[in-house]
Amino acid sequence: MDYKPTGVCSRLIHVELDGDKIANVEFVGGCAGNTSGISSLVKGMDAHEVIKRLEGTTCGARPTSCPDQLSKALKQALGE
């Protein structure tokens, strides 16, 4: 599933789930080190747990962040 984030540098988040587990996450754009690190950390995790941990994370003065946008993408992928 592809998600178009808003309010962040990333232009696209590609999410693959295996049931409720995260099989793969890829960010297009954004801070390469941070987004690849996030992708590696969440791989294999329960999507609900990732949402709980990342939702509401901000980036500087922005009201959102790439991790927060990932939580929104996961909610969409789960149909929530």
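Contact here means heavy atoms within 4.5 Å. This is a predicted model, where local features need pLDDT of at least 70, side-chain atom pairs count only at pLDDT 80 or more, and totals for chains, interfaces and linings use all residues. Residues are numbered from 1 along each chain as its sequence is written, and side-chain values use heavy atoms, leaving out hydrogens and water.

Start by selecting Val 42. Setting aside residues up to four places away in sequence, Val 42 touches Ile 22, Val 25, Val 50 and Leu 70.

Next, pick helix H2 (47–54); helices are DSSP runs of H or I with at least four residues, strands are E runs of at least two, and both are numbered from the N terminus. Which residues of H2 are buried? Color Ala 47, Val 50, Ile 51 and Leu 54; buried means under 20% relative accessible area, exposed over 50%, partly exposed in between (1.4 Å probe, protein chains only). Look down the axis of H2: these buried residues fall within an arc of 100°, so they line one face. The arc is that of the directions from the helix axis to the C-beta atoms. They pack against S2, S3, H1 and H3.

At the N-terminal end of H2, select Asp 46, the cap: one of its side-chain oxygens lies 2.9 Å from the backbone nitrogen of His 48. Just after H2, Gly 56 takes a positive phi of about 90°.

Last stop: Ser 65, in the loop between H2 and H3. Ser 65 is buried, with a relative accessible area of 3%. A polar atom of its side chain lies 2.8 Å from the backbone oxygen of Thr 57.

Definitions and conventions:
Polar contact = N/O pair within 3.5 Å; in protein donor to acceptor, adjacent residues only side chain to side chain.
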